[in-house]
Amino acid sequence: MVEVIHKGAYLVDGQIVWAGEAAGQEPPALAREKTIAYSILRAHQKGTDRDKLRLKFDALISHDITFVGIIQTAKASGLKEFPIPYAMTNCHNSLCAVGGTINEDDHAFGLSAAKKYGGIYVPPNQAVIHQYARERLAGCGKMILGSDSHTRYGAYGCMGVGEGGGELVKQLLENTYDVPAPEVVLVYLTGQPRKGVGPQDVALALVAATFPKGDVKNKILEFVGPGVQNLSADFRIGIDVMTTETSCLSSIWETDDTIRAYYENIGRPEEYRPLHPQNGAYYDSVVTIDLSRVECMIALPFHPSIAYPIHELQSRPEEILAQVEENCNKQLGGKVTMDLTRNIVDGKITCDQGVIVGCSGGMYENIVEAAAILKGHSIGNGYFDMSVYPSSTPISLAITKNGAAAALMEAGCVMKPAFCGPCFGAGDTPANNTLSIRHATRNFANREGSKPGSGQISAVALMDARSIAATARNGGVLTAATDIDYESPTAEELRYHFDGSVYDKRVYNGFGKADPAADLRYGPNIKDWPQMPKLEEDLLVKLCAVIHDPVTTTDELIPSGETSSYRSNPIGLSEFALSRRVPEYVGRSKAVRALEEQRERGEAPAEVLAVLEKVGGDAERTTVGSCIYAEKPGDGSAREQAASCQKVLGGFANICREYATKRYRSNCINWGIVPFTLPEGADFPYEDGDWVYVPGIKKAIADEVEDIPAQVITADGEIHPLQLRCAGLTADERQILQEGCLMNYYAAGYGKD
């Protein structure tokens, strides 16, 4: 089905030739330039160092839990006008009944910013962020940067990168996105999917094969091969959007007449051009996917990589669910108990809810196929219910006109507007201890809206829309779509008749029409960033959260869902930091922040003086902050608040074995949090309340020293040596850390040449 091959290879006359067997080919470093990925990267490269990319993008995109903070940061850093198209969609904070007026205040702020700085504003429920980008910003050979981790448009020949807001601020201020030149992985497709198998099935199989061992982390996936031509545009993008869950940097596909027809259909034929690797292109490793062998899949809590063929789960449900349940409860830390095996009834797995939603599930073809499976049937009047969220108003119009929406409603499904809520825990939260099956992007803990700290827990399993519809047709009993006899939609029914008139009527497109005289519209919950302190010569940090889970997600660092309404209020939002994982963290970090505030007033606290006395430190030259230790933090969302909340609370360092994603590490740097790692194999037996002293940290960063000695002062007064690493910083990143954060960096006059 999916095979990962850790060998370099050339693509010669469309065939894979392993590096050791490729006579007469160019060296890998030169032949890698023949990939589609590098043809696009080099076209956007602004630096001269071929090993260190400095990229400028063609367009930017954000949604309404990120764009306020981005604009506030850019405004504080000297923003005058958006230099490239910047679209602000309103698809996350669309539930305006939550929190009074504050969500709609964010929307009004976004429209006013579009008018003032020359941006694009997409009103609530018109489109989810990525569907708007696909239909109105993507183009072959282009690059788009988005403040959402699922910024992936490779199937349309456009490289998308998801990052934290700080990286978008840099682009708005006409600086570059800096990243080491990445490796490229060939994803070679053969075969053709069987009836009932959808893009989510292929995606989950790919994630399961690549994520656990980090096979493609921070690399670019390049999809080619004879199987590509057997996939529709919707099918391709349905796989592509989920590549984020492999932890790759970006993705790109070869293009053909199917993609040409896509651009013609959306009224932008000029954006198409054929993209193919040059003969002899070199790839650092290979993933092969035989589409004909892909089965209907299910990803169990709490990660898209915990994926099984549905038939395998059906064959041994007690064994698999018991193991997953045990792992989940271990991750939940005893706060609440998940009972997945309760869903086994008479040897069959029962589900309580089905949701087709967002940038992965709410695509036109997924909905039409689901409607075909459910046509003439009923989801029943028991505990099982089902919601369908088309990913844009044009898709809603199309399924209304062709009858698919009617078929779903006649079966008992509820049709809803474009909204990302169920993907991150705002909307369609299921009942306690129930199982929801979703064609969405993630199934991390609490992404369905439950609150383990309050004794609430429910579970999400990811599936393709086709198998969700099959399960709904079977009254909630888990069913693979390949096991259902249904009449496939005709070619005409599967053809998406795009009508962009609603965008023309409702979207404000002000790019190139900035009005400096326009006022920004604020609400009571929209706050400026507090003043961030600079880094002194030495650093003393107190461990305020020590987490030994294998992976710590951004949802744990700053929860999604109920926190969304506070994303425009840095101080208010910081109160939620680590609230679902280490609820004591906020109070501990605030106490350390108070120590630093006292030190800055020239009144060095006795606690700090006592610690520094043990190691010969000087309070006048030592920044005091809080620190988080986690084994592998930052998997999942690009949201910068996972780092900014730490900084607002006084955070100055993180220590880990590795960062789960580049985007979280970048967020830490942009907010002035030193991203330490441990040497390979090192122990970290230290606990909450222990101090870590790093003398000469500012000079070490400035001098590009990567191995940095430190000392741990334990709560009982013992002193232990600790070796830290801070590797791979760019010149700009080193300066940002010294200044204390990106805003301080710009305020000091850097980054404006």
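The points below cover a helix pair and then the cavities. This is a predicted model, in which local features need pLDDT of at least 70, side-chain atom pairs count only at pLDDT 80 or more, and totals for chains, interfaces and linings use all residues. Residues are numbered from 1 along each chain as its sequence is written, and side-chain values use heavy atoms, without hydrogens and water.

**Helix pair**
- The axes of α6 (residues 165-172) and α24 (residues 662-670) come within 8 Å and cross at roughly 70°.
- The two helices, α6 and α24, are therefore roughly perpendicular (65 to 115 degrees).
- G165, G166, E167 and K170 of α6 meet S666, N667 and N670 of α24 (contact: heavy atoms within 4.5 Å).
- Those contact residues divide into no nonpolar, 5 polar and 2 charged (Ala, Val, Leu, Ile, Met, Phe, Trp, Tyr, Cys and Pro count as nonpolar, Asp, Glu, Lys and Arg as charged, the others, Gly among them, as polar).

**Largest cavity**
- The structure holds 11 cavities of 30 Å³ or more (sets of points on a 1 Å grid where a 1.4 Å probe fits but cannot get out).
- The largest cavity has about 210 Å³ of space.
- Its lining has 21 residues, and H63, H92, D148, H150 and R447 are the closest to its centre (lining: an atom within 4 Å of a point).
- Both α5 (129-136) and α16 (421-424) give two or more residues to this lining.
- The lining of the largest cavity divides into 7 nonpolar, 9 polar and 5 charged residues.

**Second largest cavity**
- About 80 Å³ of space lies here.
- Its lining residues include Q331, K335, E556, R580 and R581.
- This lining divides into 3 nonpolar, 2 polar and 4 charged residues.

Technical notes
Axes fitted to C-alpha atoms, helices over the stretch in contact; angles between N-to-C directions. Helix = DSSP H or I, 4+ residues; strand = E, 2+ residues; numbered from the N terminus. Parallel < 35°, antiparallel > 145°, perpendicular 65-115°, else oblique. 1 Å grid on protein atoms, 1.4 Å probe; cavity = no way out; pocket = protein on both sides within 12 Å on 5 of 7 lines; lining within 4 Å. Points joined across faces, edges and corners; volume = space filled by probe spheres on them.
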